[in-house]
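Trainee: I would like to learn how to read the features of a protein model step by step, beginning with the overall fold and ending with single side chains. Could you take me through one case?

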Amino acid sequence: MHTPDSRPLPRRRTLLIALMVCVALGLAVTKLGSGEVAGFTGDALYAVAAYLAIGILWVRLRPIPLGLLTVAICWAIEFFQATGIPLHLAEQWIGWRYLLGTTFNWVDLIAYLLGGVLIAALDTWWRSRATALGSNRP
């Protein structure tokens, strides 16, 4: 019997597809939406994208540790914004704006936590579903 963790290539492919969808959603939210709800949603999707990217790199990491690592990294980046360095970097190259953001906002910490918890819960459900379907095979 194969569990989702014993088959890293299909999992990486699934995570890559999910990451592409997440990035597209994030760009759509930030371009088409406005206001605090769009900003909060975009930040939560940033955490989801981070989770998926870390999951691609570290495919065998379980959802809860992966979620905790994701939230810790997102929070570290948010606190880094308080230094002003990401804002300066974003003035040099726009890509830094998407990777690091520009200004500290404590509400972003909540969005990252929510995004990290929701994607870890979804990943847990997805893995249990895949394991259950795999165990029904002859």
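This is a predicted model: local features need pLDDT of at least 70, side-chain atom pairs count only at pLDDT 80 or more; totals for chains, interfaces and linings use all residues.

Trainee: What share of the residues is buried, and what share of the accessible surface belongs to carbon and sulfur atoms?

Mentor: Of the 138 residues, 37% are buried, while the accessible surface comes to about 8,600 Å², with 73% of that area belonging to carbon and sulfur atoms.

Trainee: Which residues make the nonpolar surface patch, and which helix gives the most to it?

Mentor: The patch covers about 680 Å² and is made by Val23, Leu27, Trp93, Ile94, Trp96, Tyr98 and Leu99. Helices α1 (8-32) and α5 (94-100) each supply at least two of its residues, and α5 gives the most, with four. Leu27, for its part, is placed in helix α1 and is partly exposed, with a relative accessible area of 39%.

Trainee: How many aromatic pairs does a search of the whole structure find, and what describes such a pair?

Mentor: In general, a pair of aromatic rings is described by the distance of the centres and the angle of the planes. The search of the whole structure finds four aromatic pairs. One of them is formed by Tyr46 and Tyr112, a tilted pair with 5.7 Å from centre to centre and 45° between the planes. Because Tyr46 lies in helix α2 (residues 35-57) and Tyr112 in helix α6, this pair ties together parts that are 66 residues apart in sequence. Tyr46 counts as partly exposed, at 23% relative accessibility, whereas Tyr112, at 4%, counts as buried. Another pair, that of Trp93 and Trp96, is edge-to-face, with 5.7 Å between the centres and 85° between the planes. Both of these tryptophans also belong to the nonpolar patch; Trp93 is partly exposed at 48% relative accessible area, and Trp96 is partly exposed at 32%.

Trainee: Where does the charged end of Arg129 sit?

Mentor: The charged end of Arg129 sits over the ring of Trp126, at 5.0 Å from the centre of that ring.

Trainee: Is Thr102 buried or exposed, and which residues does Thr102 touch?

Mentor: Thr102 lies in the loop between α5 and α6 (106-135), and since its relative accessibility is 15%, below the 20% cut-off, Thr102 counts as buried. Leaving out residues up to four places away in sequence, Thr102 touches Gln81, Pro86, Leu87, Ala90 and Arg97.

Trainee: In which helix does Phe79 lie, and with which residues is Phe79 in contact?

Mentor: Phe79 lies in helix α3 (residues 63-81) and is partly exposed, with a relative accessible area of 44%. Apart from neighbours within four places in sequence, Phe79 is in contact with Phe104 and Leu109. Between Phe79 and Ile94, a residue of the nonpolar patch, the separation is 15 residues in sequence and 20 Å in space, C-alpha to C-alpha.

Key:
Residues are numbered from 1 along each chain as its sequence is written. Side-chain values use heavy atoms; hydrogens and water are left out. Patches are made of residues with over 30% relative accessible area and no salt bridge: like charges are joined within 9 Å, nonpolar side chains (Val, Leu, Ile, Met, Phe, Trp, Tyr) within 5 Å. Accessible areas come from the Shrake-Rupley method with a 1.4 Å probe; for residues, only the protein chains shown count as cover. A salt bridge is a side-chain nitrogen of Lys or Arg within 4 Å of a carboxyl oxygen of Asp or Glu. Buried means under 20% relative accessible area, exposed over 50%, partly exposed in between (1.4 Å probe, protein chains only). Contact means heavy atoms within 4.5 Å. Rings of Phe, Tyr and Trp (its six-membered ring) pair if their centres lie within 6.5 Å; planes under 30 degrees apart count as stacked, over 60 as edge-to-face and the rest as tilted. A charge sits over a ring if NZ of Lys or CZ of Arg is within 6 Å of the ring centre and within 35 degrees of the ring normal.
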